[in-house]
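Welcome! Please have a look at the sequence and the fold before reading on.

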Amino acid sequence: KVLILDFGSQYTQLIGRRIREIGVFCEIVPWDIGDDFVRNYGAKAIILSGGPESATGDDAPRIPEAVFELGVPLLGICYGMQTMAEQLGGKVIHADTHEYGFAQVRAHGHTPLLRDIEDHVTPEGYGILDVWMSHGDRVAQMPPGFILMCSNETCPIAGMANVDKQWYGVQFHPEVTHTKQGKRILERFVVDIAGCEKLWTTKNIVEDSIQRIREQVGDDEVLLGLSGGVDSSVVAALLHKAIGDQLTCVFVDHGLLRYGEGDQVMAMFARHMGIKVIRVDAQDLFFGRLKGVTDPEEKRKIIGHTFIEVFDEEASKLTNVKWLAQGTIYPDVIESAGSKTGKAKVIKSHHNVGGLPEEMNLKLLEPLRELFKDEVRKLGVELGLPYEMVYRHPFPGPGLGVRILGEVKKEYADILRLADHIFIEELRAADLYDKTSQAFAVFLPIKSVGVVGDARRYDYVVALRAVETIDFMTARWAHLPYDFLERVSTRIINEIPRISRVVYDISSKPPATIEWE
Ligand code: XMP
């Protein structure tokens, strides 16, 4: 396994995902996790991430000494390379020319890391790599024992190597796809140089998880709050495979689900997989609590609290339960861990069922804690969940509650559900669903005039929203074809009597957000 020390780069998780894609298990921990942790971890290789700090500063984050004592192969990326240089007796400077984006470096080709890896070859026979750079500082002088690995004009030391020790540093980012040979370079490092075996496959993950769950849980009973989302669904399928009937799921229908969603969840789990699912119809309770409330944050809070309340009440009826399972995934763990608190116990806040009655005293079971989203999805398919379900667009916890502007009413939710369903159905039919990252309809509680036949119509407005994004932090509105939008709009207005107008949202994030509330 590989250990990744995080110095705060926005790309650190990407390093982890690439290594896992190669088939090698890795974990990301904060850079200041401590020498003891590093010594005892048993890493076959260590990767030092990039980071926002300057390695020249006196109190710059540093690589723990234990990293150098272990004698395992090291790869410093960007800041990781810079602090490695500083700590081993080299020199880093603030460069006058910042480099950001696409660049090319000449690879000197004589180190095991980059040998025979190239995108182009110069007439003189040097390899050229297309890479992604993002840095202000750069290494000006290599530490003793290091040789130059690659360079270009703005960054004369773009890569360095101590071949005896198998310590490497690269100024560019091999983890981003813009570095075309990036994955090959990482694979060269973890597999060929560090000797890691490619054992991290979906099949193995399933088998390992099942064994671990069985050992952990024994004969105890487990409770799971099922939302219908990917993470909790995969947990349900996995736990069912591991412990069968010892699992009970509670599915709270708050009336703010998508079209047919409640029935789909029940059909998928209870009917096909034989999983015990208790469906709680709490629609009236939720609509009652939301009556007259218009503030988005207030709505979110009410939905969250009411959810916990209903879940608790159901849970307290089950007397033998010892464990509470949650769909916490690795990015949640990393994000909430942060520096200095690497061992913190983390509970996904919107899944947090912290309101459970004290006397239940449940232990937390989080079988997806080590997995990235793409791994969770593959696991879902391996466990037999339908592809369509596993690769569905994300859906917010508060559901349609944040897609009905202002006060939430059942009448509005019913209209919105139909409009949203038509939009999604057409996206799938036009093969556009997988090309957008998230798409949905939004209900606007304002009335607009229309004409149907000879009659005047005065009814509600629906907005369509579709975005393309990688990380949901920034997003571009999807440039859907006009004739497609026309078809969706015509269907919505013709098939849903209470809608007189359809508009398309052309705002990107930032400055807008993906959801309207
Ligand atoms: P925004 O609207 O902030 O959305 O651009 C980014 C992503 O987060 C989802 N989202 C939520 N998910 N509870 C959730 O579980 C929420 O309250 C919530 N608000 C937004 C949104 O659907 C998008 O994928």
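The report below walks through a few annotated sites, some helix pairs and some backbone details.

## Before we start

This is a predicted model, in which local features need pLDDT of at least 70 and side-chain atom pairs count only at pLDDT 80 or more, while totals for chains, interfaces and linings use all residues. Residues are numbered from 1 along each chain as its sequence is written.

## The annotated active site

Let us begin with an annotation. An unreviewed UniProt entry lists Cys78, His173 and Glu175 as "active site". They span 98 residues in sequence, yet they gather at one spot, because no two of their C-alpha atoms are more than 11.1 Å apart. UniProt positions are in the numbering used here, feature names are shortened, and annotations may be inferred rather than shown by experiment.

Cys78 sits in the loop between strand E4 (74-77) and helix H4 (79-87). Helices (H or I, at least four residues) and strands (E, at least two) are DSSP runs, numbered from the N terminus. Cys78 counts as buried because it has 27 C-beta neighbours inside 10 Å. The label "buried" requires 20 or more other C-beta atoms within 10 Å of a residue's own, "exposed" applies at 12 or fewer, and "partly exposed" lies in between, with C-beta atoms placed from the backbone. Leaving aside neighbours within four places in sequence, Cys78 is in contact with Ser9, Gly50, Ser134, His135, Gln171 and His173; a contact means that the C-beta atoms of two residues, placed from the backbone, lie within 7 Å.

His173 is in the loop between strand E10 (167-170) and helix H5 (182-193). With 23 other C-beta atoms within 10 Å, His173 is buried. Not counting residues up to four places away in sequence, its contacts include Tyr11, Gly50, Cys78 and Trp132.

## The annotated binding site

The "binding site" annotation, from an unreviewed UniProt entry, covers Ser227, Gly228, Gly229, Val230, Asp231, Ser232 and Ser233. Gly228 lies in the loop between strand E11 (221-226) and H7, and Gly229 is found in that loop between E11 and H7 too.

Is Gly228 buried or exposed? Gly228 is buried, with 22 other C-beta atoms within 10 Å, whereas Gly229 has 17 C-beta neighbours inside 10 Å and counts as partly exposed. Leaving aside neighbours within four places in sequence, Gly228 is in contact with Ser233, Leu257, Glu261 and Val265.

## Helices that pack against H7

Two packed helices are described by the angle between their axes and the distance between the axes. Helix H7 (residues 230-243) packs with helix H12 (residues 373-382) at an angle of about 45°, with the axes 9 Å apart. Here axes are lines fitted to C-alpha atoms, for helices over the stretch in contact, and angles run from 0 to 180 degrees between N-to-C directions. H7 and H12 are therefore oblique to each other; angles under 35 degrees count as roughly parallel, over 145 as roughly antiparallel, 65 to 115 as roughly perpendicular and the rest as oblique. The contact is made by Val230, Asp231, Ser233, Val234, Ala237 and Leu238 of H7 and Val376, Arg377, Leu379 and Gly380 of H12.

Helix H6 (residues 202-217) also meets H7: their axes come within 9 Å and cross at roughly 65°. That makes H6 roughly perpendicular to H7. The residues in contact are Ser209, Ile210, Ile213, Arg214 and Val217 of H6 and Leu238, Leu239, Lys241, Ala242 and Ile243 of H7.

## Backbone details

Most residues other than glycine have a negative phi, and most peptide bonds are trans. Cys78 has a positive phi, near 55°, and is a residue other than glycine. Asp431 is not a glycine either, and has a positive phi of about 60°. Asp431 is found in the loop between H14 and strand E16 (438-452), and is exposed, with 8 other C-beta atoms within 10 Å.

Where does Pro510 lie? Pro510 is in the segment after strand E19 (499-504), and a cis peptide bond with omega of about -15° joins Lys509 to Pro510. The peptide bond from Pro510 to Pro511 is cis as well, with omega near 5°.
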